[in-house]
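Here is a short briefing to read alongside the structure. Have the viewer open and follow along, one topic at a time.

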Amino acid sequence: MKLVIVDYGMGNLKSVTSAIRYLGYNDILLSNDFSVLKGADKLILPGVGNYAMAMNRINELDLASCIRKLVLDEEKPILGICLGMQLMGHSSTESGFNLGLGLIDGVVEEFASKDLKIPHVGYNQVKPHAGSRLYSGIHPEPDYYFTHSFRMCSNSDIGQTACYYGEEFVASFEINNIAGVQFHPELSQTNGLQLLKNFLELF
Amino acid sequence: MLRKRLIFGLIYNNGGFMQSRNFRLQRVGDINWLEKNYKFQKISFSLDELLVIDATKGTKDIEKFSSLVSRLVEDVFIPVAAGGGIRKIEDAELLFNSGADKVVLNSPLYNDPELATEIINRFGSQSLVASVDYKVIDGIPVVHINDGTTAIPISLEDYLQHLEQLEVGEIIFNSIDKDGTGFGYDIDNIEKYAKAVNMPFIIMGGAGNEHHLSSGLSIDEVSGVATANLFNFIGNGLPNARSFMLEHGANLARWE
C-alpha cells in the first residue's frame, strides 16, 4: 500500500511516520506534489500549529483543490490528524475567519466555556459511536492524547465520536472515505496504534 | 474525563544522563546505560509523557542534543517535550524536527520573552512548555533562571501571570530544594500556586516513590506529576508505580 503524508511544512511528521512504520507499512512518502498525492492509495493530512497559517501554506502550494479532487471525486481514503482534521472542515475562527478544505460539514471555534484550562492538553476519553471503523477492536471508552485550543462542532451526521471537555466536541469523524481525529493517535500508545491500523486496513 | 499525567524526565549533560540533586548533577550513565536499564520502548507504555532536558552548564550543543532526542523517541508513542539551550526559533525548530512534540523554555521566558511569542505564533501555544525553577529563600519561593543559578527580581505570582499573558501552553513547577531528594513534592507551595494559573500545571522535584506521585496527583489543580529520579525508578519502577497509582484510583489513562 502506497501511503502519502501530505507535507505542507507544519508539524512533527516524524512521530506519525514512525508509528506507521512500526505497524509494518514501509511504503510511505512525504510530499506536497499533486502527482505523488494522486499516486497514493491513502493520504494522511497531519498538522500542528495555527489554522490560518496552515491554510495559507496549503493555498500557496495550490493543494486545496488538489486534495478536494482526490478525496471528493476520486474517493481516495484520507485521515486528518489534529490541525489536519480541523482543516478538513468548513472554516475556523482561529486568527480571524478562514475557510478550510470543506471536505466535511464542521466548523472550528474556541471552546465555549471560559472556565476551562486552555489548551486542552492530555489524555481524554472518547465515546466511539456504534459501528465505527476507526475504533474497531478498541476498548469502549479509550483514552487519546489531545493538545489543542480550538475544537470542531458539527450539526450534520459525519460519523462523529464525541469527547467531553467542558462541553462535547468532535473528537473524530468518519464518513465514507474521509476520516479525521482531533487527537494524536501517534502519541496515544496502543489505542492510537490500533486506530492507525484500522484506518490503513478498513478504509 | 481528562486524565492526569505521569511524566518521566531525563536530565542530560554533555553526553551523559544525570541524577540531579538540588540542581547539582551526578553522572549516571550514557544512552547505552539508559537503554539497558530503562528499556524505553517498553517503559514508555507505562508513561504519559517524556521530558528531556539538556542541563549542561554553560554552552549547550543543541545539535548534539537534538540527535539524542531523535534516538530516544524512536518507537516511543507518547508526547515528548524537550528543551534546555533554546535561544532562537531555529533551535526550537530543530528539536521539533528531531521528534519533540513540545519544546521547553526556561531562562528566555524572563530575558527574551519575544522568543516565546515567536514559538507560539509559529507552532501554537500547546507546543510551548514553561519551566519554572524556584527555591525557597526566607520562606518565600523565588524563581531562578540559568540552570537555577540566578534569582530574578519578580515575585512568583507576578512571574506566573507573565507566563499566562505570554500564552505558554503549560507550566512545569520545579522545586530546586526538593530536586532529587526523594523526600516528596513541595506540597504547600504546589497547593498555593497551582490554582494561580489557568493552564496545565505539572509538578516536579522530590518524588521518590509511588506514594509521592499519588499524593501530588491527588491535588485538584495538578495536571501531571514528573520525576527525573533515575535511581529510585530503575528497572520496573515506573510500570510498578503506575499500577499502584491506578489501583489506588488515580485518574490516569488506561492502555489495553
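Predicted model: local features only at pLDDT ≥ 70, side-chain atom pairs only at ≥ 80, totals over all residues.

Chain A has 203 residues, of which 53% are buried, and chain B has 256 residues, with 52% of them buried. The two chains touch each other through 31 residues of chain A and 30 residues of chain B.

**Chain A as a whole**

- In secondary structure, chain A holds 13 strands and 6 helices.
- Its radius of gyration is 15 Å, close to the 17 Å that the globule rule gives for 203 residues, so chain A is as compact as a globular protein of that length.
- Among the contacts in chain A with a separation of 6 or more, 70% join residues 24 or more positions apart.

**Chain B as a whole**

- Chain B contains 12 strands and 10 helices.
- A compact globule of 256 residues would have a radius of gyration near 18 Å, and the 17 Å of chain B agrees with that.
- The C-alpha trace of chain B spans about 40 × 40 × 35 Å along its principal axes.
- Residues 24 or more positions apart supply 66% of the contacts in chain B that have a separation of 6 or more.

**Where the chains meet**

- The contact draws 30 residues from chain B and 31 residues from chain A.
- On the chain B side, the residues that touch chain A comprise 12 nonpolar, 10 charged and 8 polar ones.

- Helix α4 of chain B covers residues 89-97, and its buried residues are B:Asp91, B:Ala92, B:Leu94, B:Leu95 and B:Phe96.
- After α4(B) comes B:Gly99, which has a positive phi, near 110 degrees.

**α3 against α4 in chain B**

- The axes of α3(B) and α4(B) cross at roughly 20 degrees and come within 8 Å.
- Because of that angle, α3(B) counts as roughly parallel to α4(B).
- The crossing of α3(B) and α4(B) is right-handed.
- On the α3(B) side the contact is made by B:Ile62, B:Glu63, B:Ser66 and B:Val69, and α4(B) contributes B:Asp91, B:Leu94 and B:Leu95.
- By class, the residues of this contact between α3(B) and α4(B) are 4 nonpolar, 2 charged and 1 polar.
- B:Asp91, B:Leu94 and B:Leu95 of α4(B) take part in this contact and are also among the buried residues of α4(B).

**α9 against α10 in chain B**

- Helix α9 (residues 210-217) and helix α10 (residues 237-247) of chain B pack with their axes 9 Å apart, at an angle of about 45 degrees.
- That angle makes α9(B) oblique to α10(B).
- Their crossing, α9(B) with α10(B), is right-handed.
- From α9(B) the contact takes B:Glu210, B:Leu213, B:Ser214 and B:Leu217, and from α10(B) it takes B:Ala241, B:Phe244 and B:Met245.
- The residues in the contact of α9(B) with α10(B) divide into 5 nonpolar, 1 charged and 1 polar.

Conventions:
Residues numbered from 1 in each chain as written. Chains lettered and ligands numbered in written order. Axes fitted to C-alpha atoms, helices over the stretch in contact; angles between N-to-C directions. Helix = DSSP H or I, 4+ residues; strand = E, 2+ residues; numbered from the N terminus. Parallel < 35°, antiparallel > 145°, perpendicular 65-115°, else oblique. Left-handed = near helix turned anticlockwise from the far one by under 90°. Contact = placed C-beta atoms within 7 Å. Nonpolar A, V, L, I, M, F, W, Y, C, P; charged D, E, K, R; others polar. Rg over C-alpha atoms; globule rule 2.2 N^0.38 Å. Buried ≥ 20, exposed ≤ 12 C-beta atoms within 10 Å, placed from the backbone.
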